[in-house]
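Visitor: Please take me through one part of this model at close range. I would like strand pairing and surface in a single account.

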Amino acid sequence: ATAIMEDINGTLWFVLHTGGLNFLYRGRFLSPLFYRWPLISGTSTMLTDREGNVWIGGQGLICLYSLKTTNITEILAVEKKGALRIKITGVRDLIQDREDVYWLGTANGLFALSEYRMQSFSNQDGLISDYIYDIMEDSQGNIWVVTLKGLSVYTGGRTRSARLPVAGSAFKNYPAPLNLYRRLIEDSNGIILIGTSSGLMEFYQGQARKVPFTFPDIEVTCMLNDSSSELWVGTNDGLYRIPKDKSQPYTRLAGLPHHMIFDIAEDSTGRLWVGTGRGLVCFDKGKPTTYTTSDGLSSSQCFSILEDHNKQIWIGTANGLNRFDGSHFKGFTVAKDGLISSEWNAGAAMTDRSGRLWFGSSHGVSLIHPEWIRKAKRHFPVYITGVDVRDKEMPLSAIRKLNYNQNHLRFYFAGI
């Protein structure tokens, strides 16, 4: 190791001579984000600031880690010509591709992160627009990016070591009217569908065209392919189900508390979860159950939904993050749990293959490690069983009023 440090929680941090970052947490060697990212090579140094954050410096890179939760807000990359500050804010969507590269679409461009390093793309790199709504990897491994001004598709090669896009590789751009495209999905037949501000379109032979089936001209906010290959489309006017055989008519679902749909997710048991403007809805075999603030949610505006490896449901809301175990909601906040934001962007969430939960906000990304969250210990009622006054036992009823010189007390108590 080239550097070793103990943080304020007693965790040991190691920077390895091979460029890796690791730490010893509760007797196990783990990584706060990736094993070797950001790349820290050569002589390195570490320190903990007054807030308990860890700063790590190496050859050409300074990075910051939060000890409460892993937040990605910015990276300060030092170049020969000066300091280049790269802000990862306004995160609107994120995916993990088949090469284990993480793609973050933001209001400031596109970022690709691997366990080794990061690559950023902007309008200057060929991206049609820096303002990104959605990202999708198709069945061929191409990366589709929905932007303010149309579609950008990356079909280029990858670097051998980090599997990142090759710097300078061109995007194929497909312009569209300003603010028309919103969401992308590849259906079970391999057709790329585009959710727009006025209905559904499909990408066919290099062009976007209206879908060959009936769908209303309303704003599409989210889409999901479920395990039975049916397509669910969330809109600003309710939730729609499109059968696998698209010649069959669509269905508008009843039982929702609000017409605005922010996110849709299917859990491991086949239940459908819907985030709306007035609560979280679970469809179990078609029967809806609605949860709101009266049931323990921190906000009834539910923007993103994930299931963790423990089959618990996580909801990003307008006022914090919530975890639902099937019976109770547990809230997580900025002040108490170190989250990067209290309000999350609609649909900007994913579970990666390591089980970490990613939630995007206007301030950056928070990563949640569900297995690190300890269950709250049971609180036992405390009873006072006895008291000594000046080393003499006295009945509890006699100590309601004491003399001035009876000022040395010892209490005996028990938790039952």
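**A sheet edge and a nonpolar patch**

Guide: Phenylalanine 324 stands opposite phenylalanine 329 in E34. Bear in mind that this is a predicted model. The pairing around E34 comes next. Strand E33 covers residues 320-324. E33 and E34 pair in the antiparallel sense, over four bridges. In general, strands of a sheet pair through backbone hydrogen bonds, either parallel or antiparallel.

Now step back to the whole sheet. It is open and has four strands, in the order E31-E32-E33-E34. The pairing is antiparallel. Two strands form the edges: strand E31 (302-307) and strand E34 (329-332). Each of these pairs on one side only. On average, neighbouring strands of this sheet are turned by 25° against each other, direction ignored.

Next, the surface. Val382, Ile384, Leu396, Leu409, Phe411 and Phe413 make a nonpolar surface patch. Its area is about 590 Å². Which strands supply at least two residues each? They are strand E38 (382-389) and strand E40 (409-415). E40 gives the most to the nonpolar patch, with three residues.

Phenylalanine 411 lies in strand E40. Its relative accessibility is 43%. Buried means under 20% and exposed means over 50%, with partly exposed in between. Phenylalanine 411 therefore counts as partly exposed.

Notes. Residues are numbered from 1 along each chain as its sequence is written. This is a predicted model: local features need pLDDT of at least 70, side-chain atom pairs count only at pLDDT 80 or more; totals for chains, interfaces and linings use all residues. Side-chain values use heavy atoms; hydrogens and water are left out. Two strands pair if DSSP finds at least two bridges between them. Axes are lines fitted to C-alpha atoms, for helices over the stretch in contact, and angles run from 0 to 180 degrees between N-to-C directions. Patches are made of residues with over 30% relative accessible area and no salt bridge: like charges are joined within 9 Å, nonpolar side chains (Val, Leu, Ile, Met, Phe, Trp, Tyr) within 5 Å. Accessible areas come from the Shrake-Rupley method with a 1.4 Å probe; for residues, only the protein chains shown count as cover. A salt bridge is a side-chain nitrogen of Lys or Arg within 4 Å of a carboxyl oxygen of Asp or Glu. Buried means under 20% relative accessible area, exposed over 50%, partly exposed in between (1.4 Å probe, protein chains only).
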